[in-house]
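Subject: Model handover

Hi,

Here is the structure for you to look over. My notes on its packing follow below.

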Amino acid sequence: MLELLNITAFGAFHTLIAIVGVIAGFVALIAHREIRITSRSGAIFFWFTIGAAVTGLFIFRRGGFGAPHVLSVLTLLVLPLGWFAERRRSFGRLSVYVAALFNLTALFFHFIPAFVESLTRLPLGAPYAAGPEDPRLFGPIGTAFVLYLFAAIWQTLRIRGAARRSPSPGAGLA
């Protein structure tokens, strides 16, 4: 099956790690209305997304270091910043916003290679896109980006509303 999809065992392992991370991210969003690393699903999202980003750095299907590797590096920057914001409050009053938005951004980052890799391989024999630069990919990735923007706005408004309803300063920001 891996041969049909033109994927290595390491690529399949990387994909499995990423899928677990994405599912955990959505579980966290549904259960907690945000991805909190302090929750079980948030911690799974965090560690499996780091695993996907690290393993992604060792995949060179399309040559040398390229855009997918840059996305891995960005993910490896965004997630620790979100962790510091959530756990250490390193951004002051903005920490709760930074944590929620950086974790959401890391979830969005999953969808770029997911669409590129899936749609350049499937359907078998006649893939939707000819390659990673195919303009047909702009639709699915653009749609994911618009959904990300709506989710980011929703997160921001939800957190702001919780802070306003809080009886004491900062109590609704945890």
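A nonpolar core here is a set of buried Ala, Val, Leu, Ile, Met, Phe, Trp, Tyr and Cys residues joined through side-chain atoms within 4.5 Å. Note that this is a predicted model.

The largest such core has 20 residues. Ile35, Phe45, Leu79 and Leu107 have the most contacts inside it. Helices 2 (9-32), 3 (40-56), 4 (67-88), 5 (95-119) and 6 (138-165) each supply at least two of its residues. Helix 5 gives the largest share, five residues.

Take Phe45. Leaving aside neighbours within four places in sequence, its contacts include Gly21, Ala24, Ile35, Leu79, Leu107 and His110. There is also a second, separate core of five residues, with Val116, Ala129, Leu137 and Ile141 among them.

Now the surface. Phe60, Phe65, Val70, Val73, Leu74 and Leu77 form a nonpolar patch, with about 550 Å² of accessible area together. Phe65 sits in the loop between helix 3 and helix 4. It counts as exposed, because its relative accessibility is 57% and the cut-off is over 50%.

Next, the rings. The whole structure holds eight aromatic pairs. Phe46 and Trp47 are edge-to-face: centres 4.9 Å apart, planes at 90 degrees. Phe46 is buried at 5% relative accessibility, whereas Trp47 is exposed at 58%. Phe145 and Tyr148 make a tilted pair, 5.9 Å centre to centre with 35 degrees between the planes. They are three residues apart in helix 6, so about one helical turn separates them. Phe145 is partly exposed at 36%; Tyr148 is buried at 16%. Ring pairs also link Phe108, Phe109, Phe145 and Tyr148 into a cluster.

Best wishes

Note on methods:
Residues are numbered from 1 along each chain as its sequence is written. This is a predicted model: local features need pLDDT of at least 70, side-chain atom pairs count only at pLDDT 80 or more; totals for chains, interfaces and linings use all residues. Side-chain values use heavy atoms; hydrogens and water are left out. Buried means under 20% relative accessible area, exposed over 50%, partly exposed in between (1.4 Å probe, protein chains only). Helices (H or I, at least four residues) and strands (E, at least two) are DSSP runs, numbered from the N terminus. Contact means heavy atoms within 4.5 Å. Patches are made of residues with over 30% relative accessible area and no salt bridge: like charges are joined within 9 Å, nonpolar side chains (Val, Leu, Ile, Met, Phe, Trp, Tyr) within 5 Å. Accessible areas come from the Shrake-Rupley method with a 1.4 Å probe; for residues, only the protein chains shown count as cover. A salt bridge is a side-chain nitrogen of Lys or Arg within 4 Å of a carboxyl oxygen of Asp or Glu. Rings of Phe, Tyr and Trp (its six-membered ring) pair if their centres lie within 6.5 Å; planes under 30 degrees apart count as stacked, over 60 as edge-to-face and the rest as tilted.
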